[in-house]
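I opened this notebook to record, entry by entry, what I looked up in the structure shown below.

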Amino acid sequence: MKPPALLSMTAPLREDFEIAYHDIGSANPSPTVALVAGIHGDELNGVFVLSRLAHFLGGVAAGRHPGRRLDGRAIIIPAVNVLGVNTRNRRWPFDGTDINRMFPGYNAGETTQRIAHAVLELTRPAHYRIDIHSSNLDFEELAQVRLYEPNDGERGTARLFGLPAVIERPMNTIFTSTLGHAWRACGGQNFVLQAGQAGTLQPVHCDRLFRALVTFLWRTGVVSGVALSDEDEEGQYFGVGHTMPLISEHAGLFISRLDVGRWVQAGDVIGQVYDGFAGELRHEIKTPVAGLLSGIRRQPLLFEGDLLARIQTRQAVAEGVDTYLHGQGQ
Amino acid sequence: MQIDHDSILTLELPYREQLQLHRTVFHGGAGPKVAVVAGIHGDELEGLYVCHRLAAWLEELALTQSDALRGRVELYPALNPLGIDTLQRFVPVFDTDLNRNFPGHREGLLPQRITEAAMRALDGAALVIDIHASNVFLREIPQVRINQESAALLVPLAHQMNIDVIWLHGALTVLEATIAHSLNSRGIPCLVVEMGVGMRITPAFTDQLMTGILRVWRSLGVLAPDLPLADLTHQPLLADDSNVHYLNAETSGLFVPEVEHWTSVRRGQRLGCIVSPHEGSVQSAVCSPVDGVLFTLREYPVVYEGSLMARIMATGSEGVQ
């Protein structure tokens, strides 16, 4: 059966294209949850996980999983930026605009404004709305819930994903044109998930993300009969001011051998900066604070002022310059 | 008059090289300081040529009538030098619009360090002129764009700029992270000029704007009051949210215009059409919704549904003045 499309458009030379989505459990009048990924065409973890989730939920709805039942309705858009995925482009490839800077959109405006409008309209009726990102080409994020000026309901619900970290960040003027921000005017509860790194797909992050989404759907009553293991560690909540960015004072080649999700002590070495011509060690990067390593730079080419890592701290620290940095993957 | 070439920022690149932000400074008397900024977007070149022409004019003035420079002129032809050198609109590597990174931060990412250095350098200016050249898609008639918030101060200046349109934007559309908003909100008047099209230079527009810039500088006391300058040749029309009409493509294909840029058009007049390379029929006829003047016209033929093809300022039954 042909899946529904939230938008169909002509293309200059190719055949018409559409942004397809899954509508699972559509006997219910209004959707319980809307899940969106691939607003950025290079963030593939979310695309893969949402396609797998749609496959799983479709199987549950069709009765292929004995003992499991779908009690809600899920709208799933694995990829909004279809052309961007197919041409390996973060942005809308034709005019270079970032779809996640086009919300709330406009149905008579530019192409990406129309796309934004259609995504918002489709997801508006859902109670829970989840936008999945994977940082950017340079940075790897621990699978986490990102909250921007949430309400108390969202703070509580965010724990239901069972992810290792819920991280609350200050709102940034750059983010006011994102889908996550546009949802705030729609009521319900809204979440941004971050996991991994753009450009490739990391199975470890995908597995964790998939488990988190199924856990969430089970705990919110969308699906029942799911047997979940308790292997996930207890998730940690980090409020505003509990994020310590490590910023490079040097240019060069940055190398780190650490994995995200580990706890570090003050003074631990995070990585090294080398002179890319002479080969000498220029600087050893040490964390000044203890905490959870929630993100690490994977792009070796380093400018002055680049973000090297983020540490989530138990005690509040000054966020300082990080509020000026662009949100990875958002 | 003294002429200096210096750099307002030096940053290390990952492998051996340095990035420098160059400017040219013409020191005259103790009069006001003014600046021209260009090349914020790496694909907009019209402003670079304006800077060249202003430098040539000032160098000539230094030889012929050096004391006529009563103030100080600073030219910043390329705030996004990596973008210009690599043919990219945005800041390379960071993939961000430099004009959404103001006022910047001294310890931020490279784009924010550039904008912070620019804001510091431009502090105290009596006028900053920020020259843009649209993008590669649309051709614009020389115009100044002003947000309502700053209209009282800037509109009188814009009237002397020898441009064809002043476009007043509603306060709701203010883009906070632009250079213009950042400067104006700190009390440094900044006029945003849009003209021409990306990746090209249009010498006739440069001549037109030069006349306006020099006359504004003279009125501010940067140039001697008795210095003879060319007369204004253009009087701007006033555009705002109420009289600007947008023509977005109804379908995808090739947009082929049938009228010249900056001409009067009648309601219902055909301006062009969208065709498909696969077949002979016309996919969509593009007609003017109003009597007016065509001040934006698409230069790049390929359109998607929704692509902007033209902007028309309604002029009522009288047509263009």
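Before the first entries I note that helices, at least four residues long, and strands, at least two, are DSSP runs numbered from the N terminus, and that what I am reading is a predicted model.

**Helix H3 of chain B**

I began with helix H3 of chain B, residues 110–122, whose 13 residues reach 18 Å from the first C-alpha to the last, close to the 18 Å expected at 1.5 Å a residue. Just after H3(B), I found that Gly124(B) takes a positive phi of about 85°.

Which residues of H3(B) are buried? I listed Leu110(B), Pro111(B), Gln112(B), Arg113(B), Ile114(B), Thr115(B) and Glu116(B), and then also Ala118(B) and Leu122(B). Looking for what these buried residues pack against, I noted the strands S1 (2–12), S2 (18–27), S3 (33–37), S4 (72–76) and S5 (127–132) of chain B, together with helix H5 (179–185) of chain B.

**Gly316 of chain B**

Next I turned to Gly316(B), which I found in the segment after strand S17 (308–314) of chain B. Is Gly316(B) buried or exposed? It is exposed, because 9 other C-beta atoms lie within 10 Å, and the cut-off for an exposed residue is 12 or fewer. I also looked up Gly316(B) against Glu140(B): the two are 176 residues apart in sequence, and their C-alpha atoms are 21 Å apart in space.

**Chain A as a whole**

For chain A I recorded six helices and 20 strands. A compact globule of 330 residues would have a radius of gyration near 20 Å, and chain A has 20 Å, so the value agrees with that expectation. Taken along the principal axes, the C-alpha atoms of chain A fill a box of roughly 60 × 50 × 35 Å. I noted, too, that 54% of the 330 residues of chain A count as buried, and that, of the contacts in chain A with a separation of 6 or more, 69% come from residues 24 or more positions apart.

**Where chain A touches chain B**

My last entry concerns the two chains together, where 30 residues of chain A are in contact with 29 residues of chain B. On the side of chain A that touches chain B, the elements giving two or more residues are helix H3 (111–123), strand S14 (252–255) and strand S19 (301–302) of chain A, and the largest share, three residues, comes from H3(A). Sorting that side of chain A by class, I wrote down 16 nonpolar, ten polar and four charged residues.

Notes. Residues are numbered from 1 along each chain as its sequence is written. Chains are lettered from A and ligands numbered from 1 in the order in which they are written. This is a predicted model: local features need pLDDT of at least 70, side-chain atom pairs count only at pLDDT 80 or more; totals for chains, interfaces and linings use all residues. The radius of gyration is taken over C-alpha atoms; the globule rule is 2.2 Å times the number of residues to the power 0.38. A residue is buried if 20 or more other C-beta atoms lie within 10 Å of its own, exposed if 12 or fewer, and partly exposed in between; C-beta atoms are placed from the backbone. Two residues are in contact if their C-beta atoms, placed from the backbone, lie within 7 Å. Ala, Val, Leu, Ile, Met, Phe, Trp, Tyr, Cys and Pro count as nonpolar, Asp, Glu, Lys and Arg as charged, and the others, Gly among them, as polar. The expected span of a helix is 1.5 Å times one less than its number of residues.
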